[in-house]
Amino acid sequence: MKILLKSVKIIDKSSKYNGTTQDILVVDGIIREIAENITAEDTKTISGENLHVSAGWFDLRVSPKDPGYESKEDLYTLTNAALAGGFSEIVTLPNTKPVVQSKEAIAYVKNFAAAQILNIHPTGAVTKNCEGKDFTEMLDIYHAGAVAFTDGDHTLWNADILLKTLQYLAPIDALLMNRPEEPSMTIFGQMHEGIESTILGMKGIPSTAEELMLMRDLKLLEYYLGDSKKDKSCLHFSTISTKEGVALIREAKQKGLPVSCDIAAHQLAFTDKDLHTFDTNLKVNPPFRTQDDIEALKVGLADGTIDAVVSDHNPQDEESKNLEFDMADFGIISLETTFATLNQFSELPIEKLIEKITCNPRKLLRLPSVSVNIGEEANLTIFNPTHEWEYQTKDIKSKAKNSPFIGKTLKGKAIAVINKHKVHINNVEK
């Protein structure tokens, strides 16, 4: 197959063509030519207004729901949602039924992905059933294809478990991912603890719950390392949401600790004040916090404290969301809106923004880099960062519809994805 990209601006700091507008010819999955004006016969041509191209977008945190909760999302609808959002690769959490804690569970995901344009990288559970008590066979799971280890939606609350996991994973140089939350402080919590939760009469989730767990984990990491040095991140914090949390990770990096972190894109778009409508689509964990926290997240993105941005895509069905607020489940769908949210609210220049969803996640997971250069295998996302569009229910590719962005106008849209010798082109309308 021949694919010709016409007049696309290349956003890739590893490419000698970075920042220039070129034509790109892809033949049988390989970038064969990059030049100002390419003519070729029998090609599928992708052209349009203000097109940009980068390495394929990469999402570090997706709840797949399949197997076990296919009524909320299955792997087919997950793939469609990811491609609609411009992602060529995603990382899935282990919180399915059964939990991804065996070679067979890893194989289930990888066998499905083998025939898709989307690369799906499963993570393995650290503890059995993600309960924080007994270890899984992590080495077996790693050799079966797990790209990292995490209990996903569940915090590694047991300090000894976290410490020993760092030790177990060191010989294979695998990444441990943990969502920092002190669970004893968040029981029955519904939203960020503060003035707004008091006004609304809802039990709050305090910022301190995140910050206490960060302090504990960073202290354990220092204890584990001793006098040794490590040049790669071995502990990754998922979905940071607080001002103090960003400060703690910044300080840890300045001390030379091998840590990294990400935030969910939607954390930039809403605050706890938006919950006055009691819209259960705004019920997420970590919760939407304050404007001060958002400003700290923006600074952390700009100065490199925050390494990556994730969708934290978490589909829920009607039975889980169409309820009183305190009864509804946490989570929103976000694969299809992550880029637009980041583009619209982060205040990052496009080059830095793209790094957060391309090269940085791959580097953290020790995966091969992807670049827009002649001779490279084509793993590309084509997008228009200025295209404005309305997110409508009828256009949602996910099986679930739990999004607070429905009916809102967003800025920035993925046009196409090229990967594994295949091309997916989105239907782009105003």
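I call a residue buried when its relative accessible area is under 20%, exposed when it is over 50%, and partly exposed in between, using a 1.4 Å probe and protein chains only. This is a predicted model, in which local features need pLDDT of at least 70 and side-chain atom pairs count only at pLDDT 80 or more, whereas totals for chains, interfaces and linings use all residues. Residues are numbered from 1 along each chain as its sequence is written, and side-chain values use heavy atoms, with hydrogens and water left out.

Helices (H or I, at least four residues) and strands (E, at least two) are DSSP runs, numbered from the N terminus. In helix H10, residues 338-345, six of the eight residues are buried: Thr-338, Phe-339, Ala-340, Thr-341, Leu-342 and Asn-343. With contact defined as heavy atoms within 4.5 Å, the buried residues of H10 pack against several elements, among them S15, helix H11 (350-356) and strand S16 (380-390). After H10 comes Glu-347, with a positive phi near 65°.

Let me turn to the sheet. Two strands pair if DSSP finds at least two bridges between them. An open sheet of five strands has the order S9-S10-S13-S14-S15, with parallel pairing. Strand S9 (148-149) and strand S15 (308-310) each have a single partner strand, so one side of each lacks a neighbour in the sheet. S9 is joined to strand S10 (residues 175-178) by two bridges, and Phe-149 has Leu-176 as its bridge partner in S10.

Next, the core. A nonpolar core is a set of buried Ala, Val, Leu, Ile, Met, Phe, Trp, Tyr and Cys residues joined through side-chain atoms within 4.5 Å. The largest one has 65 residues, and Ile-90, Leu-221, Phe-237 and Ile-354 have the most contacts inside it. H6 supplies the largest share of this core, six residues. Leaving aside residues up to four places away in sequence, Phe-237 touches Leu-214, Leu-218 and Ile-249, among others.

Thank you for your attention.
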